[in-house]
Amino acid sequence: MGTSASKNSGSCHGGREGQLYVSLKMENFKIRRDLIPHVYGSVPITGSWDFAKALSMARESASMWELSFVVSPDHETLDFKFLLKPKYSNAPCVVEEGPSRLLTGGTLEEGDARSALFKIGGDEEVLEYKVFIKADIVSPFDLAASWRAYQENLEPSRVRGIPDVSINVAPNTGSEIGPASPLELDLEHYVVPAPSASAGVVYAANLTETPRSLPATGIFSKNDALCGSSYGSSKAGVFSLDYSIGCKDLDTTVSDPVSDHPNCPPAPGMVESKSVGTFSPLPKQDGQKGLFVDRGVGSPRLVRSASAGSFTFDLKLDSETKKGMPAAAGAVAAAAVADQMLGPKEDSRLAIVLVGLPARGKTFTAAKLTRYLRWLGHETKHFNVGKYRRLKLGTNQSADFFRGDNPEGLEARNEVAALAMEDMIAWMQEGGQVGIFDATNSTRKRRNMLMKMAEGKCKIIFLETICNDERIIERNIRLKIQQSPDYAEEPDFQAGMLDFKERLANYEKAYEPVEEGSYIKMIDMVSGQGGQIQVNNISGYLPGRIVFFLVNTHLTPRPILLTRHGESRDNVRGRIGGDAVLSEAGELYSKKLANFVEKRLKSERTASIWTSTLQRTILTASPIVGFPKIQWRALEEINAGVCDGMTYEEIKKNMPEEYESRKKDKLRYRYPRGESYLDVIQRLEPVIIELERQRAPVVVISHQAVLRALYSYFADRPLKEIPHIEVPLHTIIEIQMGVIGVQEKRYKLMD
């Protein structure tokens, strides 16, 4: 017969200070591997005796299965039964014979110390399991500590010794998971609405800052009415950046984030100087005071250009670079420490003034840079002069308006540029940090006007975009005619093309490349297969970070798939943190995900799979074959510190001040000895840089807080929204990056 152990460690709920911890075990040396023991019963075990919500027991040894859980303080009595669920078929569950088992106040009722009997196939076969039941009253802190100790020392981990970033580390998954079963998969069948889906792509310039110096009743295209109060207002499941004209946005209170200290030493891996070629990914030489942190394989090489004394970033990718290991998170942490210790070195307000001919990527570059800086926490806005022009003068300006020898047109264009600059400076004086000024600014006279307006108010860096590929320019012109409000009322596409090319010719006649002040030149950066970046008279922490970002951006269309790991055993138990393996449902999702990836990326053999170093993400990725797998420590879930292994109810009861602090400000709240969401963003910056650098699709299998932060970058969501973004289990978020912008699609593979 079966045996059991029980312990009366406390009286009723009202008299005990801890919580009821229950351990259930079943043993059978002739156990059938196709039947998985489960537990179901009344609230709070699994709720209303529902087979579908039964909790899976975990294998402790070859013959022993175990399930542990904590009972909510407001429940004294548990009634439950064991059942067996078929692992690979839809056959009915087998419920143990006899009455329900009853546990009251931590004591097993008399008569429940019995074996569990299951009749298989009617009365043809009877399985008998020995049952061991133990109940203890423990404090949540002791429980969490013992849980962590168990996971770290006793539970056999399938992944150990993982460095910060590792490639192609294959976990020993054992025979329990097995090969991915062939599941028929119609991708569109699983599509679900994005949280706030819009009707379509919005012209990127319309998502820039709304002019405050012009009346809202001015003349403008119907497309201008779509604009929000600032760039990247997330009305959409479709987020548009102006690729169309480009040659190319879980947790005690934390100190101010890195973004509040913009003016510090140059970014990691870059050596400060005052000459052209300021930022050099070369080791620090004797006598240099710069901070050098090696990014590892894949960094751009620095080469001398044709012009004397000029250095450029050579972005041609060799075979080694294509296989490059992603940057480690330590560089960002080093920059943050230097930022906070050394304090500001430059003016707190920075204006990035775009320069370039039409259809060369200014708005695309401005939008992407705005999104990146906002995500890092820098107060940033994008001011588009074309939007000011349309609002003040209308959208029906012909090519003659843009002639350099048209004094009326030149005066009108300078006027709207001055209005936009005044608005940007006024916003900076109200607390803004980085203004992106988006216009052609193609003559020295115009740029001198802007520098005079900014004198003593903000620091100006010119950002010039240059493209020499006629095919790309032609494509961008076509997309501009299709999307720009300037041609919304032109029914003849060819007439629009001719007019725009004439406008472009007028700009080319008067164009003067940037040679004055501080500047960054992006030359033929569209494809990511080559190109150069030239920098002159650039210094400081934030400008260095901007250069580092621009070095790694390109326009190669590719999808990025974001998904949480499959459901874990800690998810089932409601425990945060930990390093648990997958539940039964999680294992099923891993197989469905493998089939999804195989079908979605079947023609993308250069794609890669990125996971954290925690078991639940690695095991979710394990059935996926045919793609390299990269494990990042930077992708691990937010560190819950002393709360790791606890439930939110336990935190609320035993650490009420922490619970309330987190509730008031989840973004900045830092778990004791743990992390905040802002900390997570800081350690994810190398991941974002590497995602921008990739030219092939990437599947990111990570955790809720991490994916909220990554998603907010692509969707250009405000920082305060990050802790509340919906990232459900067993759902894939596809971010499509390409010439029409950043678009989102969601697939829900399981309920």
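In which helix is the place of A594? A594 lies in helix α13, residues 584–600; helices here are DSSP runs of H or I with at least four residues, strands are runs of E with at least two, and both are numbered from the N terminus.

Before I continue, a word on the basis of this talk. This is a predicted model, in which local features need pLDDT of at least 70 and side-chain atom pairs count only at pLDDT 80 or more, while totals for chains, interfaces and linings use all residues. Residues are numbered from 1 along each chain as its sequence is written, and side-chain values use heavy atoms, with hydrogens and water left out.

A594 counts as buried because its relative accessibility is 7%; buried means under 20% relative accessible area, exposed over 50%, and partly exposed in between, with a 1.4 Å probe and protein chains only. The C-alpha atoms of A594 and P623 are separated by 5.8 Å, although the two residues are 29 apart along the chain.

With G566, the side chain of T620 reaches the backbone nitrogen at 2.9 Å.

Let us now consider helix α8, residues 444–454. Its buried residues are R446, R447, L450, M453 and A454. They lie on the same side of α8 because they cover an arc of only 120° around the axis, the arc being that of the directions from the helix axis to the C-beta atoms. K445 and K452, on the other side of α8, are exposed. The cover over the buried residues of α8 includes β17 (350–355), α7 (407–429), β19 (434–438) and β20 (459–466). After α8 comes G456, with a positive phi near 80°.

Helix α7 also has α6, residues 385–393, as a partner: their axes come within 9 Å and cross at roughly 120°. These axes are lines fitted to C-alpha atoms over the stretch in contact, with angles from 0 to 180 degrees between N-to-C directions. From α6, V385, Y388, R389, K392 and L393 meet A412, E415, V416, A417, L419, A420 and D423 in α7.

Finally, the cysteines. Taking a disulfide as a pair of cysteine sulfur atoms within 2.5 Å, the count is zero. C93 counts as partly exposed because its relative accessibility is 22%, whereas C643, at 0%, counts as buried.

Note on methods: Contact = heavy atoms within 4.5 Å. Polar contact = N/O pair within 3.5 Å; in protein donor to acceptor, adjacent residues only side chain to side chain.
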